[in-house]
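Here is a colleague's note to read beside the sequence and the model. Please keep the picture in view while going through the points.

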Amino acid sequence: MKTQADLSIEFCGVRFENPFCLSSSPVGNHAEMCARAYDAGWSGIVYKTLGLEKSFKVVIPSPRLNALNVFDKRFIGLQNAEQITDRPIKDNIKDLVWLKKNYPQKVLISSIMGFEDKDWAELAKMSEDAGADILELNFSCPQMAHKTAGHRTGQDFHAVEAFTEIVKKSCKIPVIAKMTPNITDMIPVALAAKRGGADAISAINTIRAITDIDINNFTPLPNIHGHSSPTGFSGPSVKPVAMRFVSELYNSKAINLPVSAIGGIETWIDALHFLLLGATNLQVTTGIMRYGYRIVEDMIEGLSDYMIERNIQSLTQIIGKAAQKIVDPSEFNTRFQVVSVVDEAKCIGCGQCYISCQDGANQAMKFDKQSRKASVDEERCVGCMLCKLVCPVWDCITHKEVDTAKVRHAAIF
Ligand SMILES: Cc1cc2nc3c(=O)[nH]c(=O)nc-3n(C[C@H](O)[C@H](O)[C@H](O)COP(=O)(O)O)c2cc1C
Ligand code: SF4
Ligand code: SF4
């Protein structure tokens with residue numbers, strides 16, 4: 001039998017058998033779905049955000065989704081115009097009770113969104129009574145652009161602090177505040193949540209975006225009976241933005257709270273990236289919408305193999321290791337200089353590096369039309385490595401360090 005590493009982690013004082021959870025969305029819409037996710041290996045679920053129908057009537061438009069395709073690469077991002085759950089609160093609470101009763105060893109997180117103080121208090125109490133281990137406060141849905149809910153609340157420091165405080169006073173279970181990325185700086189909002197008593201921060205919710213336009217009828221997609229709107233964008237394309245926010249939250253000494261990372265996680269390597277940037281817990285939606293709950297099997301196996309190969313006993317040994325390397329650009333060592341190196345034996349003579357260096361870099365790449373081989377003028381090369389990025393042959397272009405004193409081009413002096 002294959003050995004498996006110990007992937008367990010503690011987050012908000014709760015033990016998770018592995019860091020992998022569903023994020024709040026249609027992948028955790030009701031008990032039957034969540035039960036299948038638990039059975040597949042997910043350690044926790046963040047249930048689809050609950051609201052109170054007496055305060056706000058949720059209307060989910062149709063069609064509500066559009067995928068971002070780039071050339072032949074499909075679904076590199078997903079735009080959705082979905083709001084919080086439209087199921088009656090009593091049905092959802094019944095499902096939470098059933099899930100905790102049948103899966104006591106798994107983690108149940110209830111995501112909630114109120115429209116006024118008493119909603120937040122009521123939803124928190126109902127979730128706790130139903131058996132939720134943790135609450136997640138949805139301050140970040142771009143489609144619930146109500147003045148007292150959704151990402152507008154998530155941009156309002158006072159509201160975030162006040163609502164978090166109300167929730168903390170209404171229940172005893174730990175509270176995560178889920179941040180919107182639709183803001184320049186997340187730190188002040190996360191600090192407001194901390195002042196309100198939040199035990200952890202999760203990031204990111206979806207990014208407001210327009211993914212496509214029908215050029216025949218001039219309507220952006222999804223085309224909702226002739227109209228559209230910049231709505232929530234998720235999936236692999238948002239991962240770089242999510243990684244930035246997660247590292248900033250982790251590196252902020254003022255925040256000093258555990259972080260749950262969300263945004264574009266599909267593989268164990270994505271998961272590892274977020275752990276290295278400081279996350280202790282990981283959440284997924286779009287990857288599951290595309291490939292199903294089964295992706296967790298590869299995540300568990302991949303992360304476990306990585307740990308065994310490197311003799312890592314616990315995830316706590318690697319959490320934040322890459323975040324420690326992140327500095328302000330002003331702190332870079334600009335005396336360090338590289339130039340590119342072409343491996344002539346590997347060069348297939350496509351000329352792509354030459355074109356890119358000519359028109360997008362420092363005209364340092366040479367291309368011999370007879371032999372169809374690329375080579376580098378080291379005195380002109382600024383070491384940007386655009387040529388390496390465009391070369392279709394893996395490892396054909398690499399770089400080497402050079403003595404800065406010998407480099408004469410203007411880019412570094
Ligand atoms: C169709 C859809 C519905 C979503 N609904 C919710 C929601 O009800 N509550 C919430 O907090 N986040 C919601 N989200 C955001 C996700 O939980 C997650 O933060 C975001 O999709 C980024 O993660 P991903 O790239 O793994 O999808 C939704 C996302 C999608 C795609
Ligand atoms: S590293 Fe930049 S400047 Fe140097 S050859 Fe490549 S593209 Fe040109
Ligand atoms: S891009 Fe790569 S393969 Fe193409 S010419 Fe340049 S070095 Fe050769």
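Predicted model: local features only at pLDDT ≥ 70, side-chain atom pairs only at ≥ 80, totals over all residues.

1. Residues are numbered from 1 along each chain as its sequence is written, and chains are lettered from A and ligands numbered from 1 in the order in which they are written.

2. The protein chain is assigned domain 1 (9–325) and domain 2 (329–412), with bounds taken from an automatic or database domain assignment. The C-alpha centres of domain 1 and domain 2 are 41 Å apart.

3. Helix α8 (residues 268–276) packs against helix α10 (residues 295–309) at an angle of about 60°, and their axes, which are lines fitted to C-alpha atoms over the stretch in contact, are 8 Å apart. Angles run from 0 to 180 degrees between N-to-C directions, and helices are DSSP runs (H or I, at least four residues), numbered from the N terminus. The two helices α8 and α10 are therefore oblique to each other, since under 35 degrees counts as roughly parallel, over 145 as roughly antiparallel, 65 to 115 as roughly perpendicular and the rest as oblique.

4. Around ligand 3 there are 13 residues, the closest being C347, C350, C353, A374 and C391, where a residue counts if its C-beta atom, placed from the backbone, lies within 6 Å.

5. Ligand 1 has 28 residues around it, and S23, S25, S234, T285 and T286 come nearest.
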